Structure formats: C-alpha cells, structure tokens
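Q: I am new to this structure. Please walk me through how to read its features.

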Amino acid sequence: YQRRVRGTQSVFVSRHGERIDWSDPDWYKKIGSVRSEDPYLTERGFTLAKELGQFYAKLKPPIVAIFSSPFLRCMQTANAVAEALDLPIRVEYGLHEWWTIPQLEHHKPLSPEQLKEQFPRIDLTYTSKVMPTFPESELELHYRALKVARIFGSEYIFSDKNIKGDFLLVTHAAPKIALVRAFLLLG
C-alpha cells in the first residue's frame, strides 16, 4: 500500500514475507524454541523480502525511514529493505501483530536491544510511539491503527523537523488492513 500525502510524501505499508509456520506448524519444536508466536521467514519469504528491498531501492523520491513491528518475520523483512536502502530500522510497537488473547511472557516480541544482536541496523535512539495492550478487540486494533496513523501523520508527514521524505511501515496482515483504512480515513 502506498499513500501520497500532500503530493510530496508517501507512506508505504508492507506486510512481512511468508512465515515458516505456514509450511511447518511444528517448526519451533524442531529448533527447541518456546517462541511459537514469533516465527521466522521461509526461504521464499527471504527471497520476497529481498525483492521488496530491490523494488523500494528504485523509488524516486527514495524512502528515508523504515519502521517495523518487533516480531522476527517483520524485522527480517525490514532488514532486507534496510540493507537495500542502507537505512536504519526503527522498532515501532504500534505495528505489533493483532492479538485477541492475553499476551503471555513467551509470546512477547524481543526488545529492540535483544533484536539489535541479530539486526545491527536497529536504531536504539528511537522510542516507540504506541504501546498496544492485549487482549485487543477488532475495534481496539482499528483504534491503535488510527493512533499510529495520526502520530505518524503529524510527527513524520506534516512536521518540518523530523523525517523529510517517504517512509515504510512493516507490519502484519490485520494491522496493515487497519492502517490502510486509518490513513484513508485521515486523508
């Protein structure tokens, strides 16, 4: 999804690549992981993420900032784009997966500091603007998306002081749908 704002800046919203649990539901048992809610990308998912990075690298004007959900599959997708664009990644919890159940400790995504060990492009100076609470109803998901769209709209699109140029949000299926609706609603 791409939304041009005021004819000068675009917000791109991308979903992560293909995740391993689609082809192997027991993937986490095979590697001894308790993080069953945080699957990594398949080989095809990595290929698609690299292709996404190549696509974004050709855009004019270029993307100047990347924000990602903290889940591994989104970070891997964002990292492929960040490599292609030579940009840092900002971890934004407002782009978090939609969860309708209470979030248990082993379900929580890794912190930016933990993720940086695997993804050195993470910008640890960035502080997430939205912290979701769980469980989350469908209405609450849309409210979160609207909050993210408003914050990014006022702080990154219409502001003279922050990011000058297009930016990318890497998220999950349900939040992507909600974000697109929110950006369309805000115009």
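Q: Is His-16 buried or exposed, and what is its relative accessibility?
A: Buried means under 20% relative accessible area, exposed means over 50%, and partly exposed lies in between (1.4 Å probe, protein chains only). His-16 counts as buried because its relative accessibility is 3%. Two notes on the source: this is a predicted model, where local features need pLDDT of at least 70, side-chain atom pairs count only at pLDDT 80 or more, and totals for chains, interfaces and linings use all residues. Residues are numbered from 1 along each chain as its sequence is written, and side-chain values use heavy atoms, with hydrogens and water left out.

Q: Where is the place of His-16?
A: Helices (H or I, at least four residues) and strands (E, at least two) are DSSP runs, numbered from the N terminus. His-16 sits in the loop between β2 (9-15) and α1 (20-23).

Q: Which residues does His-16 touch, not counting residues up to four places away in sequence?
A: Contact means heavy atoms within 4.5 Å. With that sequence limit, His-16 touches Arg-73, Cys-74, Thr-77, Thr-171 and His-172.

Q: With which side chain does the side chain of His-16 make a polar contact?
A: A polar contact is a pair of N or O atoms within 3.5 Å; within protein, one must be able to donate a hydrogen and the other to accept it, and residues adjacent in sequence count only if both atoms are side-chain atoms. Here the partner is the side chain of Arg-73, at 3.4 Å. Arg-73 lies in helix α4. At 1% relative accessibility, Arg-73 counts as buried too.

Q: Which strands do bridges join to β3?
A: Two strands pair if DSSP finds at least two bridges between them. Five bridges join β3 to strand β5 (residues 166-171), and the two run parallel. Ile-63 stands opposite Asp-166 in β5. Three bridges join β3 to β4, also parallel. On that side, Phe-67 stands opposite Arg-90 in β4. The chain crosses from β3 through α4 to β4, and this β-α-β crossover is right-handed. That word applies if, with the strands pointing away from the viewer, the path from the first strand over the helix to the second runs clockwise.

Q: How many residues of β3 are buried?
A: Five of its six residues are buried, so β3 is largely enclosed by the rest of the structure.

Q: How many aromatic pairs does the structure hold?
A: A pair of aromatic rings is described by the distance of the centres and the angle of the planes. Rings of Phe, Tyr and Trp (its six-membered ring) pair if their centres lie within 6.5 Å; planes under 30 degrees apart count as stacked, over 60 as edge-to-face and the rest as tilted. The structure holds eight such pairs. One of them, Phe-67 with Phe-152, is edge-to-face, at 4.8 Å centre to centre and 85° between the planes. This pair links strand β3 (residues 63-68) with helix α6 (residues 138-157), and its members are 85 residues apart. Both Phe-67 and Phe-152 are buried. Phe-71 and Trp-99 form a tilted pair, because their centres are 5.8 Å apart and their planes stand at 45°.

Q: Which residues touch the most other members of the largest nonpolar core?
A: In soluble globular proteins, nonpolar side chains tend to be buried together. A nonpolar core is a set of buried Ala, Val, Leu, Ile, Met, Phe, Trp, Tyr and Cys residues joined through side-chain atoms within 4.5 Å. Of the 21 residues here, Tyr-56, Ile-63, Ile-66, Met-75, Leu-85, Ile-122 and Leu-168 touch the most other members. The largest share, seven residues, comes from α4.
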